[in-house]
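Here is a short briefing on one protein model. Please look at the structure first, then read the points below.

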Amino acid sequence: MRQIQIAYNDTESFLEQLQDFKRTCVEKEASKMMFQIYSEILEERAVAPVGEAIEQVFPGTPYIGCSTSGNLVDCQLSPRMSVVATIFDYASTQFQVFQYDSEKLSVDEITESIANEAKANPWVKAIEMYFTIPEGSYTRFCDGLKEIRGDIQIFGGVACSDDITSDASCVWSSAGEFSASSILVVFYGGEEFFVDAIKITGWKPLGRKFCVTKSDGSILQELDGIPAYDVYRKYLNINNDENFFYNTLEFPLFYEHNDTTILRVPVASNEDRSITMSSDIELGSTVQISYGDPRTIVESIAEDSERIRGFSPDLLHIFSCAARRTFWTSNEPTYELEPFRDIASSVGFFSHGEFIRTNGCLNQHNVTLVVAAMREGQKAKGRAPASSTGRTQLSKVPLVSRLATFISATSLELAEKNEELKLANENLQKAVITDGLTGLYNRAEIQRRISESLRNVLNKKFSLVMLDIDNFKQVNDTYGHQEGDRVIITLADILRNEQMQSSTQFSAGRWGGEEFMLLLSEADRSAASLIAELIRRCFASTTYPVMRSQTVSIGVTQAMEEDTIDTLCTRVDTALYEAKKDGKNRVAVN
């Protein structure tokens, strides 16, 4: 596989160069060739002659083209209109170009067609895609390709313009026409064709984590319950104005999605203090602000480039986010690509977004570098090792990197301490209102709830149920306090279980010793007495390892408008006394 760049200045000279190129190519090579056109010029009248010239000199030869924010050939910026011919040397190598118009076909129709084509052509090993900038996000498109055979690599980029804040973009190909709403798809494969693709960010998460508590597609509304913009304002002092996009380029959001790390760029801040993101961020996601540290980025690229070097590629296709080009304003915009320059020939462009399939899922990325390595045949032997000429040796961890690590670590510690404090406070609050033996409310809490309910008795009726374990002193005297506690806990468990199963709002508490009190909201005497009877039967049928079954006497009353807590508790206590007097193990209503 070989790559040859053909300069384009005007149509006439381009035709001459194509003719010269054709004379130097063996006919079989021409039949296994594809042209790629990258243009910083978006007008159809400017790019159409390029495709027409290719059709004239190489009839039937596939070509693809897209608009860009900068063209890359051999990891260097190339002319505003760049044309590259790729020659495939192996007869078994196959490739095919498709173009889909998203204004004529739905997302589901497009993804279904791509998936069907991949299934119908078992030779396919890689799918490369060129997108125009959509009105929404490509989340649904990515989800639609999940069923494509797992061993197929998928990668690509979003066409754009030299104004990275603009939605202007276009693609064109031998399979379609000039379009601002289409997707180009190239299938590669064959028995002796091999491909490997990687993504590199180099950005580091910075500071605390936030939960996405409100979002609508690509509109990020709230983080931890506060407007998303307020996070950028508080932690980075970024104003809500027309410069918001440029000021946040170094600080995209870092989060995990589909088991991989993704960066999302804030595109704009809105009047309601929400943020428009470059793509969807799901509700419930955990995100962090991230920071681009130049030294860390270069170190990451140098390290990850060794995987590509080990693959021994013939050619690299590079999709680098236009935001990265903006990030490197103080350096040559292709500065970070240096580690790839001596690996293989390369072609690519600065994109509006990048795509790569990882862990079986296709994801859209931002501020990311996607590199696809292609090779025909087995690995070449004796490839030159990595060259360090001209490279900065990054032996020291930069201050900003250390600072980011420090902030992340301390934020994590603070979050852990806050969680421990929250749990401790919850346990303390629970201990204040809970009976230690049974885990039910204690007398003070159940009494507070009765008083609170009495204040609203006109609007919301309720009843009290008072329980007392029969002959409990005899249990303690005969079997000991441990067994007595077992009986008390058994009754508490029955009350707790009834509370979970009952449709009535239910508060159960230990009134003292072997006495319990139930507060039943929205229950009259009749409903309360039915619940009391169920509890009585359940308790009476419970067996114990070392003693006979026990019983409970129960009193029931309904709260009235004129009641105070004293009159109400006296009345339910009187009902309980009646149950005891009538022979115990029964329910009495007063």
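Start with helix 6 (residues 228-236), where Ala 228, Tyr 229, Val 231 and Tyr 232 are buried. These four sit on the same side of helix 6, because they cover an arc of only 155° around the axis. The model is predicted. The points below go from this helix to the aromatic contacts, then to the strands and sheets.

- An α-helix has 3.6 residues a turn, so residues three or four places apart point the same way.
- Ala 228, Tyr 229, Val 231 and Tyr 232 are the buried residues to look for in helix 6.
- Asn 237 follows helix 6. Its phi is positive, near 55°.

**Aromatic pairs and charges over rings**

- The structure holds 28 aromatic pairs.
- One of them joins Tyr 232 and Phe 244. The geometry is edge-to-face, with 5.9 Å centre to centre and 75° between the planes.
- Tyr 232 lies in helix 6 and Phe 244 in helix 7 (residues 244-248), so this pair ties together parts that are 12 residues apart in sequence.
- Are the two partners buried or exposed? Tyr 232 has a relative accessible area of 1% and is buried. Phe 244 is also buried, with a relative accessible area of 1%.
- One aromatic cluster is formed by Tyr 38, Tyr 130, Phe 155, Phe 319 and Phe 349.
- Lys 125 places its charged end over the ring of Phe 194, 4.6 Å from the ring centre.
- Arg 375 places its charged end over the ring of Phe 311, 4.5 Å from the ring centre.

**An exposed loop residue**

- Glu 135 is in the loop between strand 8 (124-131) and helix 5 (139-144).
- Glu 135 has a relative accessible area of 88%, so it counts as exposed, the cut-off being over 50%.
- Ser 181 is 46 residues from Glu 135 in sequence. In space, the two are 9.6 Å apart, C-alpha to C-alpha.

- Strand 2 (residues 33-39) is mostly covered, with 7 of its 7 residues buried.
- Both faces of strand 2 are covered. Met 33, Phe 35, Ile 37 and Ser 39 are buried on one side. Met 34, Gln 36 and Tyr 38 are buried on the other.
- Strand 2 pairs with strand 6 (residues 81-87) in the antiparallel sense, over 7 bridges. Here Tyr 38 has Ser 82 as its bridge partner.
- Tyr 38 also belongs to the aromatic cluster above.
- Strand 2 pairs with strand 3 (residues 63-67) in the parallel sense, over 5 bridges. Here Ile 37 stands opposite Gly 65.

**Strand 7 and strand 11**

- Strand 7 (residues 94-101) is mostly covered, and 6 of its 8 residues are buried.
- Strand 7 and strand 11 (residues 182-189) run antiparallel and are joined by 8 bridges.
- Asp 101 faces Ser 182 of strand 11 across this pairing.

- Strands of a sheet pair through backbone hydrogen bonds, either parallel or antiparallel.
- An open sheet of 5 strands runs in the order 27-28-26-29-30, with mixed pairing.
- Which strands are at the edges? They are strand 27 (505-512) and strand 30 (587-589), and each pairs on one side only.
- The twist averages 20° from one strand to the next.
- Strand 26 (residues 462-469) and strand 29 (residues 552-558) are antiparallel, with 7 bridges. Ser 463 stands opposite Gln 558 in this pair.
- Strand 29 and strand 30 run parallel, joined by 3 bridges. Gly 555 has Ala 588 of strand 30 as its bridge partner.
- Strand 29 is mostly covered, with 7 of its 7 residues buried.
- Val 552, Ile 554, Val 556 and Gln 558 point one way from strand 29. Ser 553, Gly 555 and Thr 557 point the other way, and all are buried.

**Helices on this sheet**

- Helix 11 (residues 443-454) lies across strand 26, strand 27 and strand 28 (515-521). Helix 11 runs at about 135° to strand 27.
- Helix 15 (residues 565-581) packs on the sheet and touches strand 26, strand 27, strand 28, strand 29 and strand 30. The direction of helix 15 makes about 140° with that of strand 29.

Definitions and conventions: Residues are numbered from 1 along each chain as its sequence is written. This is a predicted model: local features need pLDDT of at least 70, side-chain atom pairs count only at pLDDT 80 or more; totals for chains, interfaces and linings use all residues. Side-chain values use heavy atoms; hydrogens and water are left out. Helices (H or I, at least four residues) and strands (E, at least two) are DSSP runs, numbered from the N terminus. Buried means under 20% relative accessible area, exposed over 50%, partly exposed in between (1.4 Å probe, protein chains only). The arc is that of the directions from the helix axis to the C-beta atoms. Rings of Phe, Tyr and Trp (its six-membered ring) pair if their centres lie within 6.5 Å; planes under 30 degrees apart count as stacked, over 60 as edge-to-face and the rest as tilted. A charge sits over a ring if NZ of Lys or CZ of Arg is within 6 Å of the ring centre and within 35 degrees of the ring normal. Two strands pair if DSSP finds at least two bridges between them. Axes are lines fitted to C-alpha atoms, for helices over the stretch in contact, and angles run from 0 to 180 degrees between N-to-C directions. Contact means heavy atoms within 4.5 Å.
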